[in-house]
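Biologist: Could you bring up the model so that we can go through the ligand site together?
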Amino acid sequence: MLNLKDFLGYVADRNPNEPEFLQAVTEVVEDLIPHINKFHPDYAQQKILERIVEPERVITFRVTWLDDNNTVQVNRGYRVQMNSAIGPYKGGLRFSPTVNISILKFLAFEQVFKNSLTGLPIGGGKGGSDFDPKGKSDFEIMRFCQSFMTELYRHIGAETDVPAGDIGVGSREIGYLFGQYKRIQNNFTGVLTGKGIQWGGSYIRPEATGYGLLYFVSSIFDCNNDNLAGKVITISGAGNVAYYAAEKAIILGAKVITLSNSSGTLYDIEGFTLEKLAHLATLGRDIDRFVDKYKSAVFLKQQTPWHLPCDIALPCATQNELNENDAQQLIDNGCICVAEGANMPSTNEAIKLFLKAKIAYAPGKAANAGGVAVSGLEMSQNAIGQQWSIDKVDTRLKAIMHNIHKSCIRYGKEECGYINYLKGANIGGFIKVAEAMKAQGVV
Ligand code: NDP
């Protein structure tokens, strides 16, 4: 019999100074251990949990590059190849000064379950660097990406490990990384996803995480014979995920009242429109300048959106951006659904409050899986040398999000009828990986 406290002690001892990794493991094994003890003693005997928390491989490397003043700069690069039981490692690259091994291991760990939930044959990984892209020139970004890939290339491949973007890594960076990979290997292959549409990318990939999040939220409301028309939504972040989440929410008839970034929250009491979003996209990181044009909006400096009354909250910025106090305020203000576009944006204490209040809480590993799902579809298109239409990719994305929702219900429906999406996603994502690990022997 597995014991939760003993197991968490074991993980903490083996991974000192990795609070985010421990947080992600705790959130998952709290659901898995009772399930394994009740239904799968064979997993305990095979040490599936001990194996699944140990990355198959962690690579760290030096990234040196010259800035525009010809000064030598030194950063650290990483790739965490967490689990390849059901397919090649797959997961984004993050460029941010906050990157460290704890954060990348938590992201890689979450990715294993998320990728499994998509139903596609992809394992889990994550990587990146402590490089800060903010304020860097285009040439500096290019030189950094080239230097990063000059080491990373030997560890990845279309059938080994297929990185994609994440915070600080968008289509520009993927372009520079891909160009360097191709130059070194002399091989045009689907080694990265999120590529440009003219050179092997998939339609809908930029939109996929945000759109997929809204497809998932729609499934939650469908279950209750409701829909998103007129629902008030608060969103954090103003990057890739937040932007397309807002766009799809508006298209579905909801009223989006906030977007945010690390300097504060943009609150438009009348709600954003597609036209307002298009204007916001021209402002880059200076989202506070939005209020110069639209007088219905105010910029709340250094505030998050969570104190504002809403029906649905969509944290789409970063990890641990929504704490216990925020959760209590959301619940007190009548919020009925929290769905995560970001990875692990809610602290474990916040999650406990959502579950206790029995509001619909959709964890990132289920609700934001649309991005990696379309990355998986990009890999399929590359493998057969095709490019599918917008409609075909969007239809597949909708179906995948719908199926993830079904998996969550299958494993997360409680006797009282409440759907514990967290439990559903944790168990639903785990079983397939565990079965594959068992079948492949002790490796
Ligand atoms: P982007 O780099 O495009 O955008 C990140 C946004 O979050 C920016 O607006 C940034 O503001 C804001 N942000 C970052 N840190 C903070 C902070 N501490 N407080 C407030 N705002 C902050 O990243 P993505 O949109 O791609 O990723 C956002 C989240 O979604 C991440 O957790 C990522 O792992 C997750 N995710 C992304 C996927 C994708 O396909 N891109 C797929 C699945 C999950 P600022 O510019 O001021 O830093």
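Biologist: How many residues surround the ligand, and which are the closest?
Modeller: In this predicted model, 24 residues surround the ligand, and the closest are Lys-134, Asp-166, Thr-209, Ser-262 and Arg-285; a residue is near a molecule if one of its heavy atoms lies within 4 Å of it. Local features need pLDDT of at least 70 and side-chain atom pairs count only at pLDDT 80 or more, whereas totals for chains, interfaces and linings use all residues. Residues are numbered from 1 along each chain as its sequence is written, and side-chain values use heavy atoms, with hydrogens and water left out.

Biologist: What lies 2.7 Å from an oxygen atom of the ligand?
Modeller: That is a polar side-chain atom of Thr-209, a polar contact in the sense of a pair of N or O atoms within 3.5 Å. Polar backbone atoms also take part, that of Ala-238 at 3.0 Å from a ligand oxygen and that of Asn-240 at 2.9 Å from a ligand oxygen.

Biologist: And how much of the ligand's accessible area does the protein cover?
Modeller: The protein covers 80% of the 890 Å² that the ligand has on its own, by the Shrake-Rupley method with a 1.4 Å probe.

Biologist: Switching to the sheet, what is the strand order?
Modeller: Seven strands form an open, mixed sheet in the order S9-S8-S7-S6-S10-S11-S12, where strands are DSSP runs (E, at least two residues) numbered from the N terminus and two strands pair if DSSP finds at least two bridges between them.

Biologist: Why is one side of S9 and of S12 left without a neighbour?
Modeller: Strand S9 (297-301) and strand S12 (360-362) stand at the edges with a single partner strand each, so one side of each has no neighbour in the sheet.

Terms used:
A polar contact is a pair of N or O atoms within 3.5 Å; within protein, one must be able to donate a hydrogen and the other to accept it, and residues adjacent in sequence count only if both atoms are side-chain atoms. Helices (H or I, at least four residues) and strands (E, at least two) are DSSP runs, numbered from the N terminus.
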